[in-house]
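Please keep the sequence and the 3D view open while reading.

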Amino acid sequence: MTSQPREVEIFALGHQGDGETADGHYIPYTVPGDRVRATFDGIRGHLLEVVSPGPARVAAPCKHFGTCGGCAVQHLSEDFYRHWKVGQIRDALTQRNVTGYEMKPIVSVAPHSRRRATLSAKLTRDGMVVGFQERGSNFIVDIHECQVIDRRLEALIPKLREALAGELPRSAQCEIGLTATDTGIDMTLTLPGVEMDAPHRSRLAKLVAQLHVARLVVNGELVAQTSPPSLRWGGVHVAIPAGAFLQAVPAAEQAMQMLAVQGAANARKVADLFAGCGTFTFPLAKASAVTAFEGDADAADALKEAARHALAMKPIVVERRDLFRRPLLSTELEAFDSIVLNPPRAGAKAQCEQLAHAKVKRAVMVSCSPATFARDARTLIDGGFKLCEVTPIDQFLWATHVELVARFER
Ligand SMILES: C[S@@+](CC[C@H](N)C(=O)[O-])C[C@H]1O[C@@H](n2cnc3c(N)ncnc32)[C@H](O)[C@@H]1O
């Protein structure tokens, strides 16, 4: 039951980006020092009015902020925002009793730099709606600007609204995946309940020319392509499979690549674990022989194919392997001077247990989850590694998420 409105003060910002009151209630879109009027459902507050703003409050740059679920913390001053993101990593490490490392300055990304977006679309009685979902609901906020995504993706939104109107089944919610690559926009559509027959497929194929995209994949099926979407890493062109993992922001990716290469400097042989399509493999292979391990078949094949054309590089070997079920054993790891790991959010528990017992001297972990990173860092430290430095990477601007690159040495 929703409470009567009352006035409260915010004293901290929680990990989900919600302001916290002294008695343990959380109110989205507030900052420490704010006095606000809010209603409450249990511990969840709903902001009605900012009575007096806290010192860290700024005006959000986007008009959709507060309804669109894409951004949670556009209302924080830059200093407070950075401090809060770094604090999430520090807190996760403290919880695992990991200390004595150097925290490097956070790497920030600019507005309009994210090259990937997943939009939702629906044909409603009032027309086509294209945008991001509201926080905690399926309702789609019709987006007319986005401060986060690459301008090429932003410019496509009104065209999508027009072009998709005749193609969507009424009331079904459809997903649009967009990735800006070096050769154009890669677009995937998920149309629930749609059996594609030949006329439908040929109508959809026309969207490629109409929207000027490089490739269109619908419900997992290639519908049309003008040029294969590709990216370049370490000077090597890699053809990107539809739906493959990619770092979301080129500037964040470059910072991660640079730190991975620095961390593996002078290594003769490097293992690149959870290699994806080769984001780190090719920059690393400029100086070291690299064996890349990746679980996803399409990503591993793309990496293998690109490696065949990677001239003037040290040897690259690619192995498809499930590193959760079959981590590299400590004896296998000892064939390498340096290990680069970039696991998914679940972390690399089984792999770090093996690494902790291997005689390898150096490791670089690129992580998108401070919590699982801290767990795995503890394992490595208990096995004799020292966590030397951590570089926070703010790849997801104005979201609650923070990533990092960490360097370990024995
Ligand atoms: C965070 S991504 C990193 C990819 C790449 N390093 C990059 O920067 O683009 C994690 C990668 O781990 C792969 N992966 C997920 N689970 C895996 C598993 N059990 N074994 C091996 N690879 C896995 C995913 O397919 C994905 O490519």
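In this predicted model, strand 4 and strand 5 form a hairpin with two residues between them, and G42 in the turn has a positive phi of about 60 degrees.

**Strand pairing**
- Strand 4 (residues 35-41) and strand 5 (residues 44-52) pair in the antiparallel sense over seven bridges, and the bridge partner of F40 in strand 5 is G45.
- Strand 4 also pairs with strand 1 (residues 6-13), again in the antiparallel sense, over four bridges, with A38 in strand 4 as the bridge partner of R6.

**Nonpolar cores**
- The largest nonpolar core has 91 residues, of which I176, L189 and F282 touch the most other members.
- Not counting residues up to four places away in sequence, F282 touches W233, G234, V236, V238, C277, L303, A306, A307, A310, M313 and I316.
- Apart from this core lies another, of 37 residues, with I89, A92, L323 and C352 among them.

**Cavity**
- The structure holds one cavity of 30 Å³ or more, and the volume of the largest cavity is about 30 Å³.
- Its lining includes P343, R345, M365, F373 and D376, and the elements that give two or more residues to it are strand 21 (362-367) and helix 9 (370-382).
- Helix 9 supplies the largest share of this lining, three residues, while by class the lining has five nonpolar, four polar and two charged residues.

Conventions:
Residues are numbered from 1 along each chain as its sequence is written. This is a predicted model: local features need pLDDT of at least 70, side-chain atom pairs count only at pLDDT 80 or more; totals for chains, interfaces and linings use all residues. Side-chain values use heavy atoms; hydrogens and water are left out. On a 1 Å grid over the protein atoms alone, a cavity is a set of points where a 1.4 Å probe fits but cannot get out, and a pocket is an open set with protein on both sides within 12 Å along at least five of seven lines; lining residues have an atom within 4 Å of a point. Grid points are joined across faces, edges and corners, and a volume is the space filled by probe spheres set on the points. Ala, Val, Leu, Ile, Met, Phe, Trp, Tyr, Cys and Pro count as nonpolar, Asp, Glu, Lys and Arg as charged, and the others, Gly among them, as polar. A nonpolar core is a set of buried Ala, Val, Leu, Ile, Met, Phe, Trp, Tyr and Cys residues joined through side-chain atoms within 4.5 Å. Buried means under 20% relative accessible area, exposed over 50%, partly exposed in between (1.4 Å probe, protein chains only). Contact means heavy atoms within 4.5 Å. Two strands pair if DSSP finds at least two bridges between them.
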